[in-house]
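Student: Could you walk me through this one? I have not looked at it before, and I would like to take it a topic at a time.

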Amino acid sequence: MTALTALIRRDIRIALRVGGGALIGVLFFLTVVVLMPFAVGPDLALLSRLGPAILWLGALLASLLTLDRLFMADHEDGSLDLITMSRTPLELACASKALAHWLAAGLPLIVATPVLGLLLNLDMVATGAVALTLLAGTPALTFTGMIGAALAVTLHRGGLLMAVLVLPLSIPVLIFGVAASQAAIVGPMTFGAPFSILCALSLVSLVIGPFAAAASLKHGLD
């Protein structure tokens, strides 16, 4: 546990540095939300109706933007070989790196959601619902994206391959995240059903993601 805690702290410190990736994701999220009202127009009712989908799409793209550095930096400086050869199971190391990435890059998106919701004419109840669904769904984006990052780490131009692999796997999370947000704001669906499925997707990715990523890394580094 000491080794895993040290790995989480190290990855968080690296992500929070200038150019580490965490700030880039938040700025990209901000850019998407700020530009969308200019594209949609001054219709406040339309902005309010599209707000949850815009916030979710921005969070999805911002998460994908920073995922390519999840293993790439460690591979470049040789740290990934040390992690692979250490006594700590590679599956736990992958889970720790994904957790650190979510804390550094995913959690700031959730914190920024209530403020950015004001730009989309969302009230406090609506932004709270979107933030809650992002809290439940963004771990699924991180742990699913970790599989693509592990597959792409040893490949030239692997970032493009990662996007092709991860985006289809992220579509169910996006669908149920937006559905739960819309149900909490306008109905007529109940909030519990899509939110429960969203939580289930995060739990499934939490179980499958580390094992799939570890297997990909072992195969790619051999």
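Student: How many cavities of 30 Å³ or more does the structure hold?

Tutor: The structure, which is a predicted model, holds 1 cavity of 30 Å³ or more. The space in the largest cavity comes to about 30 Å³.

Student: Which residues line the largest cavity?

Tutor: The lining is made by Leu60, Ser63, Leu64, Leu67, Leu141, Val166 and Ser170. Two elements give two or more residues to this lining, namely helix H3 (44-67) and helix H8 (158-185), and H3 gives the most, with 4 residues.

Student: And what does the lining of the largest cavity have by class?

Tutor: It has 5 nonpolar residues and 2 polar ones, with no charged residues.

Student: Switching to pockets, how much space lies in the second largest pocket?

Tutor: About 150 Å³ of space lies in the second largest pocket. Its lining includes Ala140, Phe143, Thr144 and Ile147, along with Leu169, Pro172 and Val173, and also Leu201, Val204, Ser205, Ile208 and Gly209.

Student: Which elements give two or more residues to that lining?

Tutor: Those elements are helix H7 (124-152), H8 and helix H9 (192-221), and the largest share, 5 residues, comes from H9. By class, the residues of this lining divide into 9 nonpolar and 3 polar, with no charged ones.

Student: Now for charges: how many salt bridges does the structure hold?

Tutor: There are 3 salt bridges in the structure.

Student: Which residues are linked in a network of salt bridges?

Tutor: Arg10, Asp11 and Lys97 are linked in such a network. Asp11 pairs with Arg10, where the closest N and O atoms are 2.9 Å apart, and the side chain of Asp11 also meets that of Lys97 in a salt bridge of 2.8 Å, N to O. Lys97 lies in helix H6 (residues 90-117) and Asp11 in helix H1 (residues 2-16), so this pair ties together parts that are 86 residues apart in sequence.

Student: Is Lys97 buried or exposed?

Tutor: Lys97 counts as buried, because its relative accessibility is 3%. Asp11 also counts as buried, at 12% relative accessibility, whereas Arg10 is partly exposed, with a relative accessible area of 22%.

Student: What about Glu91, which side chain does it meet in a salt bridge?

Tutor: The side chain of Glu91 meets that of Lys218, at 3.7 Å from N to O. This pair links distant parts of the chain, with Glu91 in helix H6 and Lys218 in helix H9, 127 residues apart. Lys218 counts as partly exposed, because its relative accessibility is 40%.

Student: One last thing, how far apart are Ala45 and His75?

Tutor: In sequence, Ala45 and His75 are 30 residues apart, while in space they are 48 Å apart, C-alpha to C-alpha. Ala45 has its place in helix H3, and Ala45 is partly exposed, with a relative accessible area of 48%.

Technical notes. Residues are numbered from 1 along each chain as its sequence is written. This is a predicted model: local features need pLDDT of at least 70, side-chain atom pairs count only at pLDDT 80 or more; totals for chains, interfaces and linings use all residues. Side-chain values use heavy atoms; hydrogens and water are left out. On a 1 Å grid over the protein atoms alone, a cavity is a set of points where a 1.4 Å probe fits but cannot get out, and a pocket is an open set with protein on both sides within 12 Å along at least five of seven lines; lining residues have an atom within 4 Å of a point. Grid points are joined across faces, edges and corners, and a volume is the space filled by probe spheres set on the points. Ala, Val, Leu, Ile, Met, Phe, Trp, Tyr, Cys and Pro count as nonpolar, Asp, Glu, Lys and Arg as charged, and the others, Gly among them, as polar. Buried means under 20% relative accessible area, exposed over 50%, partly exposed in between (1.4 Å probe, protein chains only). A salt bridge is a side-chain nitrogen of Lys or Arg within 4 Å of a carboxyl oxygen of Asp or Glu.
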